[in-house]
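Open the model in your viewer and follow the stops below in order. Each stop gives a selection and then what is found there.

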Amino acid sequence: MDQAMEAEDLVFECNDGIGRITFNRPQARNAFTFAMYERLAAICEEANGDRSIKVLVLRGAGDKAFASGTDINQFREFKTPQDAIDYENRIDRVLTTLEQCRVPTIAAINGFCTGGGAGIAAACDLRIGTQSAKIGFPIARTLGNCLSMSNVSRLTALIGAARVKDLIFTARLIDAAEAASVGLLGEVVEDLAALDRRAEEVARLLAGHAPLTLTATKQAMARLQRRLTRDEGEDLILMCYTSQDFREGLDAFLNKRAPQWRGQ
């Protein structure tokens, strides 16, 4: 993939202090390539150093999805256990960079917000969704892999251990009303047009507030949270990603059939 195509997959523009990030692969429900993850982290780093940027708004292109997670084709290149470790380290690094970004981040969610896409939304400070939003981590019925350790820690802090287990174990996607009731959405609006308007209103509100107050609040909240380290979760990552089940899940997904899990 050339650099121009990579740039088109994740579009960034900034006006009046508001940075707008658009995941731009609507034909793939805005599934993330590795290049998109890296671009997202680079934009957050840019916002850390550019005081003219006051807030970031993240959204998906089209009307079907915010983001549907990592593009499945990225997993086809896995050859060794180290590939799995490197992948999860990448996700941890990118989402932590997003979470610790100096400026407030707003996820504007319409349609599907699943897997890695839901992880990105959870790493944002505020989440606004439409009534059509569907949020979840269906990995127990798709690939048979596991969440990164930072994702587990972040979600547990956000909605609690019991709800994290419920979402992962049942592999269901929850609707906007339930997402709001458990804290995954802070606000629900009617449709995509209303979402764009509301996200812009909130972004302009935050852009006008004291930036050091917002930054201090973000950092204080982060310091309150106990986080699993990468080393603490490495055995769990290897157990899932090097398993026969993961290969089975990958093959089943690509061939559009139900996986046959063996627990091996």
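This is a predicted model.

**Stop 1: the largest cavity.** Select Lys54, Arg102, Val103, Pro104, Leu206, Ala207, His209, Pro211 and Leu214, which line the largest cavity. Its volume is about 50 Å³. Colour helix H8 (192–207) and helix H9 (211–224), the elements that give two or more residues to this lining. By class, the lining of the largest cavity has six nonpolar residues, one polar and two charged.

**Stop 2: the second largest cavity.** Now select Arg59, Gly60, Ala65, Phe66, Ala108, Ile109, Asn110, Leu192, Leu195 and Asp196, the lining of the second largest cavity. Two or more residues each come from strand E3 (55–60), strand E4 (65–67), strand E5 (105–109) and H8. Which element gives the largest share of this lining? H8 does, with three residues. The volume here is also about 50 Å³, and the lining divides into six nonpolar, two polar and two charged residues.

**Stop 3: the largest nonpolar core.** Select Phe23, Leu56, Leu58, Phe66 and Ile120; of the 63 residues in the largest nonpolar core, these touch the most other members.

**Stop 4: around Leu56.** Centre on Leu56 and show its contacts beyond four places in sequence: Phe12, Gly19, Ile21, Ile43, Cys44, Ala47, Cys101, Val103, Pro104, Thr105 and Ile106.

**Stop 5: another core.** Finish with Val57, Ala194, Leu195 and Ala203, which are among the 13 residues of another core lying apart from the largest one.

Notes: Residues are numbered from 1 along each chain as its sequence is written. This is a predicted model: local features need pLDDT of at least 70, side-chain atom pairs count only at pLDDT 80 or more; totals for chains, interfaces and linings use all residues. Side-chain values use heavy atoms; hydrogens and water are left out. A nonpolar core is a set of buried Ala, Val, Leu, Ile, Met, Phe, Trp, Tyr and Cys residues joined through side-chain atoms within 4.5 Å. Buried means under 20% relative accessible area, exposed over 50%, partly exposed in between (1.4 Å probe, protein chains only). Contact means heavy atoms within 4.5 Å. On a 1 Å grid over the protein atoms alone, a cavity is a set of points where a 1.4 Å probe fits but cannot get out, and a pocket is an open set with protein on both sides within 12 Å along at least five of seven lines; lining residues have an atom within 4 Å of a point. Grid points are joined across faces, edges and corners, and a volume is the space filled by probe spheres set on the points. Helices (H or I, at least four residues) and strands (E, at least two) are DSSP runs, numbered from the N terminus. Ala, Val, Leu, Ile, Met, Phe, Trp, Tyr, Cys and Pro count as nonpolar, Asp, Glu, Lys and Arg as charged, and the others, Gly among them, as polar.
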